[in-house]
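Student: Please take a close look at one part of this structure for me, the place where the two chains meet. I would like the whole picture in one answer.

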Amino acid sequence: MHEWALAEAVIEAAREERAKRELKDFSSLEVFVTLGELRQIDRQLFLNALRELSKTAFKEGVKFRIKMEKARLECLSCHNRWSLKDALKRLMPEEAESIHFIPETAHVYLKCPRCQSRDFKIVSGREVWISRIRASKPKGE
Amino acid sequence: MSIDARLSIIDKRLNSVRRVIAVVSGKGGVGKTLVSSVLALTMAKEGLSVGLLDFDFTGSSCHIVYGLDEIRIVEDKGLIPLETSGVKFMSIEPFTKGSPLELRGFDVSNIVLEIMANTHWGGLDFLVIDMPPSLKEELLDLRRFVGKAEYLVVYTPSKLVINMAFRLITLLNGSGASVLGVVENMVRGGLIFGEKVERLNVKLLARIPFDADVEKAIGKPKRLLETKFASAIFRLYETIKQTNT
Ligand SMILES: Nc1ncnc2c1ncn2[C@@H]1O[C@H](COP(=O)(O)OP(=O)(O)OP(=O)(O)O)[C@@H](O)[C@H]1O
Ligand SMILES: [Mg+2]
Ligand SMILES: [Zn+2]
């Protein structure tokens with residue numbers, strides 16, 4: 001699992017955003033991260049990695065708020081929209097792992113339940129993204 | 001607000017990679033895969049640390065040149081390329097296992113980002129990228145995310161191919177991308193360095209003869225290095241080494 005690499009990317013993006021917004025004097029930083037279902041991320045591993053990386057990346061306290069996003073797929077042949085339910089769990093471990101690393105390989109291992117097409121669009125549940133960063137000023141300012 | 005976490009990390013992943021050489025052509029079937037695979041082999045043999053990245057997601061084939069049937073990518077805080085014949089190798093192949101992959105443009109862009117953001121190359125003298133034909137996502141995204149990429153344009157002596165090379169070089173030059181030079185492949189006769197390409201002021205780095213023996217050596221890296229094809233690639237390598245950008 002590459003939770004660590006994804007966490008590194010989140011930390012790097014958060015640092016850039018902090019620099020861009022010139023967030024300097026604050027007592028705490030809250031980073032809201034959304035994890036797509038297709039990534040099959042181990043939430044605890046991911047959180048641990050974020051915390052570990054934060055120690056060197058930020059001198060202030062940082063809190064991470066993690067939200068999961070359900071995957072929705074849309075067939076480009078018949079326009080059917082569907083959610084995964086337990087489709088990922090029914091895959092061979094290797095297949096699920098391929099999707100974890102490169103979600104687009106879902107085109108090999110999943111298909112439209114209505115027309116069996118593999119020509120579909122991943123509408124949601126793919127990305128790892130930062131939806132919000134909130135900085136609190138130190139008290140007394 | 002929505003920040004794609006992958007964008008910030010790509011530069012960092014390529015921090016210790018000295019040069020990135022993208023082997024491109026516009027037109028298909030001119031020898032990009034063979035040139036990039038053998039170029040990487042040659043560099044490794046010369047003692048450099050080199051990576052080869054197969055960027056052709058629907059038609060990955062570098063693993064065939066190297067004779068790898070069962071590739072496993074190791075995972076350690078990200079994706080660790082496979083070591084083969086001294087080359088650090090990365091491809092989508094271990095994740096698709098030879099199955100056809102139905103990709104739309106946005107899928108292709110996502111894969112580019114995913115691989116660039118999560119692969120740990122470590123320190124490299126050269127990262128060689130085998131690009132697919134066409135001037136679409138893979139090329140536009142590489143240009144966008146990997147500013148230090150240098151483009152090696154392969155063409156064969158045919159008007160149809162040279163016309164595409166011309167278009168490609170115009171695109172690259174027009175956007176400030178660095179064109180390392182052109183390689184004429186499958187040469188059977190005299191110099192046909194396209195007059196059009198010449199006008200674009202690019203360097204002809206190598207001419208590679210058509211080598212009927214190369215087919216038999218595909219899948220056998222050692223044998224590949226003994227072909228006439230590989231001798232021409234060796235000269236190409238020496239030229240590239242001297243063009244220190
Ligand atoms: N100099 C050469 N002599 C003989 N055969 C060659 C030479 N260069 C390439 N070939 C052969 O030509 C065919 C096409 O080469 P290759 O697959 O490398 O092209 P490509 O540009 O990567 O194609 P694509 O655009 O589909 O990715 C292969 O069978 C390859 O072995
Ligand atoms: Mg190719
Ligand atoms: Zn359908």
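Tutor: The contact (heavy atoms within 4.5 Å) draws on 37 residues of chain A and 34 residues of chain B. This is a predicted model, in which local features need pLDDT of at least 70 and side-chain atom pairs count only at pLDDT 80 or more, while totals for chains, interfaces and linings use all residues. Residues are numbered from 1 along each chain as its sequence is written, chains are lettered from A and ligands numbered from 1 in the order in which they are written, and side-chain values use heavy atoms, with hydrogens and water left out.

Start with area. The size of an interface is often given as the accessible area lost when the parts come together. Here chain A and chain B bury about 3000 Å² between them, 58% of it on carbon and sulfur atoms. Buried area is the accessible area (1.4 Å probe) that two parts lose on being put together, summed over both. On the chain A side, F101(A), I102(A) and E104(A) lose the most area to chain B; together they make up 17% of what that side buries.

Eight salt bridges cross the interface of chain A and chain B. The rule asks for a side-chain nitrogen of Lys or Arg within 4 Å of a carboxyl oxygen of Asp or Glu. R126(A) and E114(B) form a salt bridge through their side chains, at 2.9 Å from N to O. Between chain A and chain B, 17 residue pairs are in polar contact, both residues at pLDDT 80 or more. A polar contact is a pair of N or O atoms within 3.5 Å; within protein, one must be able to donate a hydrogen and the other to accept it, and residues adjacent in sequence count only if both atoms are side-chain atoms.

Which elements of chain A supply the side that touches chain B? Those giving two or more residues are α1 (3-20), α3 (93-101), α4 (106-109) and β6 (128-136). α1(A) gives the most, with ten residues. Helices (H or I, at least four residues) and strands (E, at least two) are DSSP runs, numbered from the N terminus. By class, this side of chain A has 17 nonpolar, five polar and 15 charged residues. Ala, Val, Leu, Ile, Met, Phe, Trp, Tyr, Cys and Pro count as nonpolar, Asp, Glu, Lys and Arg as charged, and the others, Gly among them, as polar.

Two bridges join β6(A) to strand β1 (residues 3-4) of chain B, and the two run antiparallel. Strands pair if DSSP finds at least two bridges between them. W129(A) sits in β6 of chain A, and its bridge partner in β1(B) is D4(B). Leaving out residues up to four places away in sequence, W129(A) touches F32(A), V33(A), T34(A), E69(A), M1(B), S2(B) and I3(B).
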